[in-house]
Structures are given as C-alpha cells and as structure tokens.
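Me: Got a complex up on screen and want to talk through it. Can you help me read it?

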Amino acid sequence: MPQTRDAAALHQAHDVDYAVTAHKVSKNYGDVEALKDLSLEFPRGQLTTLLGPSGCGKTTLLKIIAGLLAPNSGEIQVDRKTVTGPGPDRAFVFQDFALLPWASVIRNVAFGLELRGVAKSEREGIAEKYIQDVGLGGFENSFPHELSGGMRQRVGLARALAVDARVLLMDEPFSAVDEQTRRKFQEDLLSLVQHENKTFIFVTHSIEEAVYVSDQIAILLPRPSRVSEIIRPSGFRNRGSENIRRDPEYLDIVDRIWSSLRSYVE
Amino acid sequence: MRGRSLYLKLLSAVIVFGAWETAGRIPVSYAFPTFFESMSALATLFLDGTIFTAYAETLKPLVVGVAISAVLGIGLGLWIGLSEKFDWLFSPIFVVMQSAPLAALIPLLVMAYGIGLTSKVFVVCIMAMPVIVLNTSGAVRNTPSVLKEMGRAFLGTDRDLILKIVIPAASPIIFAGLRLGISAGFIGAILAELKITPTGVGDIITYSRSIADYPRMYAAIFSIIVLAVLFLNLLEKVEQVLFKGNQRGYASD
Ligand SMILES: Nc1ncnc2c1ncn2[C@@H]1O[C@H](COP(=O)(O)OP(=O)(O)OP(=O)(O)O)[C@@H](O)[C@H]1O
Ligand SMILES: [Mg+2]
C-alpha cells in the first residue's frame with residue numbers, strides 16, 4: 001500500500017490504542033467499486049478526518065463503520081470487536097441530516113434516546129442541554145421545515161451528541177452552517193476532542209477545516225477508493241486555537257494536501 | 001390566511017348554487033329543479049324526520065364497510081409495502097378490484113350473499129378498499145431510506161422503525177388514500193341501495209324519481225354530498241391533530 005508517513009507519526013512505533021480499525025474493507029455497489037482493500041486505523045480519543053474528492057467512498061466507509069452497510073469483504077473492529085451492525089458505542093451525523101419532518105426539534109434530538117427506551121422527561125432534559133450547546137435554544141418546539149439548512153444540521157449534530165457514544169461518525173457535519181458558525185463549531189469540536197475521551201471520525205471537503213481540527217488526516221483517492229496518504233498535523237495542536245491558522249506548519253500542510261488533490265479536480 | 005380561504009369557499013359555494021338556481025329556472029330539463037326548490041324539499045325531509053330514518057339505514061353499510069376497509073386496507077397495505085412477497089401476491093388483486101366494473105359484480109354478490117346488509121357492505125368495501133390498500137403500500141415502500149437508516153443507526157428495532165418512522169412518514173399518503181376511499185365508499189353505499197334493494201337514502205331517491213318529485217330527489221343527493229364533505233373535513237382535522245408538522249403542502253380541501 002502506498003502510504004507515506006509524516007515525520008510526526010513517530011509514536012506509530014509505540015503501541016497506539018486504536019478505537020476503530022478497518023481491515024482490507026471492500027464494498028461494491030453492483031459494478032461500482034466504491035472501496036477496495038481499504039485499511040485504516042483510528043486512534044482512540046483522537047479525531048481522524050477522511051478527506052477526498054466527491055464520490056470516493058467516504059460516506060460508504062462511514063456507514064460500514066456504523067454497521068449500516070455490510071462490506072463485501074474485510075472487517076471493521078470497534079474496541080477489538082468485529083462490527084456486525086449498529087451499536088450503542090457509535091453515533092452517526094448524517095450528511096443529509098435525516099430529521100423526522102413530523103417531529104419537533106426536541107423530539108428529533110431526543111430520538112436516539114427515545115429508541116433506547118429512556119423515559120421522556122429524562123431524555124428531554126438531556127436533549128435540552130445539547131440543543132443549547134449547538135445554539136438552538138428557543139427552537140425546541142419548531143419543526144424541521146421551519147429551520148434553515150444550517151439549523152437542521154445542528155439538530156442532527158445534537159441528536160448524535162445526545163446518545164453519548166464513544167465513537168462519533170460525522171459525515172460533513174458543518175457543510176450547511178455559515179462560515180462564522182462553522183469556525184465556532186470547529187473550535188467547539190477541538191475542545192470536545194480534548195475534554196471528552198471520544199473518538200471522532202470526520203468527513204469534510206474543506207482542506208483548511210481538516211487540517212484545523214484533525215489529529216490525523218486520511219487522504220482517500222477514488223476509483224477504487226484507497227488511502228493514498230496519512231498526515232498527522234501535530235506541531236501546532238497545543239498552540240491555542242487562535243494561532244493555528246497562522247502557523248507555518250498549518251499552512252504547509254494545507255498546501256501539500258491541495259497539491260495532491262488538485263489533479264482530481266482538473 | 002384562514003379568513004381568506006373561508007371567503008373563497010363561500011364564494012365558490014355561491015357560484016355553484018347560483019348556477020344551479022339559474023339552470024333550474026331556464027330550465028335545462030323538466031326534471032331539474034331549482035336550488036331553492038331542492039332546499040325547501042330538504043327542509044321538509046328534515047322536519048318530518050324522513051332523512052334521519054333514511055340515514056340510519058344508509059349509514060349502516062357505509063360505516064361498517066368504511067371501517068372494515070380502513071382497518072383491513074391499511075393493515076394489508078402496510079404488509080404489502082413491507083414485504084416484497086406479499087406485494088407479488090396481493091397487489092394485482094387490488095389493481096383488478098379498482099378497475100372492476102362494480103355494476104356487473106353486484107348480481108354476483110346478491111347471488112352469494114343475498115340482498116341484506118352483507119352484500120351492501122361488500123359493495124362499499126369493493127369501492128373503498130383498493131385505493132386505501134394501494135396508497136398505503138405505495139407510501140410505505142417510498143419511505144425515505146435515509147430515515148430508516150437513521151432509525152437503525154440509533155438502534156431502533158423493526159417495530160420502532162415501523163411505528164415511529166414508516167407509518168408517520170407514510171401518513172399523508174395513507175390519509176389521502178383514506179379520503180379517496182371514503183368518498184368511494186359513499187358512492188358505493190348509495191349504489192348498493194339503488195342496485196340491490198332500495199332502502200335509506202337510496203329509497204328516497206328511487207321513490208321520489210318514480211313519482212316525479214325531483215326537488216326531493218335532488219335534496220337527497222345534495223344531503224349525501226354535504227355529509228361526505230363534512231366527513232372528509234373531520235378526517236382532515238383528525239390527521240392534523242395526530243400528525244402535527246407533517247403538513248408538507250398538500251391540498252387542504
Ligand atoms: N446506494 C448506492 N448504490 C449505488 N452506488 C452507490 C450507492 N451509494 C454510493 N454509491 C457509489 O459509491 C461511490 C462512493 O459513494 P459515497 O457516497 O461513499 O461517496 P462520498 O465520498 O461520500 O461522496 P461525497 O463527498 O460527494 O459525499 C460513488 O461512486 C457512488 O456513486
Ligand atoms: Mg458523502
């Protein structure tokens with residue numbers, strides 16, 4: 001497998017604890033080879049971003065990890081147990097939100113807890129907290145069709161956070177929020193990664209976003225999809241969120257990723 | 001918004017009744033009474049109590065037939081929509097039923113079940129059920145797959161998925177099917193009374209025609225239409241209460 005490792009991947013040598021591992025995963029949709037022999041490890045407590053051109057199989061990989069799709073071959077392990085279906089250890093933020101149009105914001109956010117049989121008052125209390133966290137306070141009783149795209153996306157985010165899973169699978173969770181909110185969410189995400197011992201698997205199209213929030217970036221190339229490169233930005237991680245965007249290493253990595261992806265745009 | 005739609009409804013009623021009155025006065029046919037003649041005949045029907053005894057008779061097969069069609073129709077529709085095998089087995093039956101010439105089937109029903117309530121209930125069911133079944137199964141099959149996926153990702157059981165995702169998602173189309181089915185059931189109930197044995201409102205219509213009391217005949221027909229409209233409006237209210245926030249802009253009467 002052609003993988004170049006960043007210099008910062010030194011601690012690869014140590015025994016890193018992986019929350020999720022994908023081993024030689026292949027997935028075909030009829031004749032379309034969406035994933036071919038893809039292997040990738042996701043360190044516990046860290047944020048790994050899947051970055052790559054549209055249609056390269058990011059959503060497919062995420063759904064296989066979630067247990068929503070079965071791979072044609074290969075396997076996924078979460079905490080060293082092979083995934084056979086969805087589980088309480090994983091929560092999913094959907095690219096297209098997947099909100100119940102007939103349910104209010106609070107019921108949507110509490111829906112994961114509702115399906116787990118949590119009592120109504122308890123789950124609404126929990127949902128309320130996450131609604132505040134994503135900045136939707138006051139919209140508890142609105143319906144999805146009354147919200148903007150970005151607000152709907154935040155409902156989906158709150159729903160995934162509310163079930164308190166150890167692995168969060170986020171499929172372009174900030175794609176529909178405005179730039180200001182997006183930056184705030186990126187900062188929130190960084191502090192979430194820092195303070196909670198959760199493993200994040202994050203999909204984005206934005207190179208800057210990937211470099212800003214990730215401990216590890218896996219660059220996927222399409223047809224059939226494989227991991228072409230793994231980058232571990234590390235130098236600027238603890239320099240405070242305000243300074244990251246000015247850090248030379250940050251800018252370097254952004255440039256480097258852009259040059260390896262640009263051929264797929266042209 | 002609300003006031004405006006009420007205003008438009010009143011306006012359309014005035015136009016329709018005005019046209020009726022004019023057509024009756026020309027007259028387009030000696031058998032076509034004016035609006036006011038018909039209304040006064042209706043008032044008489046109410047005052048002498050005829051209409052109440054008539055509806056007590058007509059509503060029996062209608063209510064029983066519609067209830068059976070709704071319960072069985074939605075149940076079968078859910079089953080057909082959820083299982084491919086069932087779809088193969090049952091969908092064709094309802095497609096045939098929907099397009100069958102009912103008038104030709106009535107003699108067969110009478111032969112099999114006599115001229116009593118059973119036959120009439122059957123007529124109502126044959127009219128009402130197919131559209132309910134086909135709408136329900138179609139809606140169930142078209143549940144957005146992303147919502148079902150979401151339900152599974154958050155650990156919903158099959159039962160959760162059906163009760164909390166599939167049925168609410170399908171409900172606007174199920175209700176649309178119910179509305180169509182109930183309208184068809186009204187037609188079926190009257191048809192049964194005209195073709196099997198004249199009872200209830202069908203009897204008023206048949207008898208009035210035979211003695212050439214056309215205002216009374218049209219009054220009876222008019223009362224059926226009013227009852228159907230009232231009932232469909234009630235159904236819509238029920239739907240709005242049950243599935244708030246599900247109004248995705250389909251026509252409200
Ligand atoms: N249900 C499906 N049936 C058939 N082909 C599919 C299906 N889902 C995805 N594909 C194909 O698999 C490939 C990968 O799709 P996937 O949705 O995983 O891409 P992605 O990386 O998430 O893209 P994007 O960045 O645009 O969201 C695409 O070529 C797509 O056409
Ligand atoms: Mg995708």
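Me: How many residues of chain A are in contact with chain B?
Reply: 27 residues of chain A touch 19 of chain B, contact being heavy atoms within 4.5 Å. This is a predicted model, where local features need pLDDT of at least 70 and side-chain atom pairs pLDDT 80 or more, while totals for chains, interfaces and linings use all residues. Residues are numbered from 1 along each chain as written, chains are lettered from A and ligands numbered from 1 in written order, and side-chain values use heavy atoms, without hydrogens and water.

Me: What area do chain A and chain B bury between them?
Reply: About 2,000 Å², with 70% of it on carbon and sulfur atoms. That's the accessible area (1.4 Å probe) the two parts lose on being put together, summed over both. On chain A's side, A:Leu68, A:Trp102 and A:Leu115 supply 35%, more than any other three residues.

Me: How many salt bridges are there between chain A and chain B?
Reply: Two, counting a Lys or Arg side-chain nitrogen within 4 Å of an Asp or Glu carboxyl oxygen. One salt bridge joins the side chains of A:Glu114 and B:Lys164, at 2.9 Å from N to O.

Me: Switching topic, which protein donors does the magnesium ion (ligand 2) have?
Reply: A:Thr59 through OG1 and A:Gln95 through OE1, 1.9 to 2.4 Å from the ion. Donors here are N, O and S atoms within 2.8 Å of the metal (3.2 Å for Na, K and Ca); water isn't among the atoms, so sites may look incomplete.
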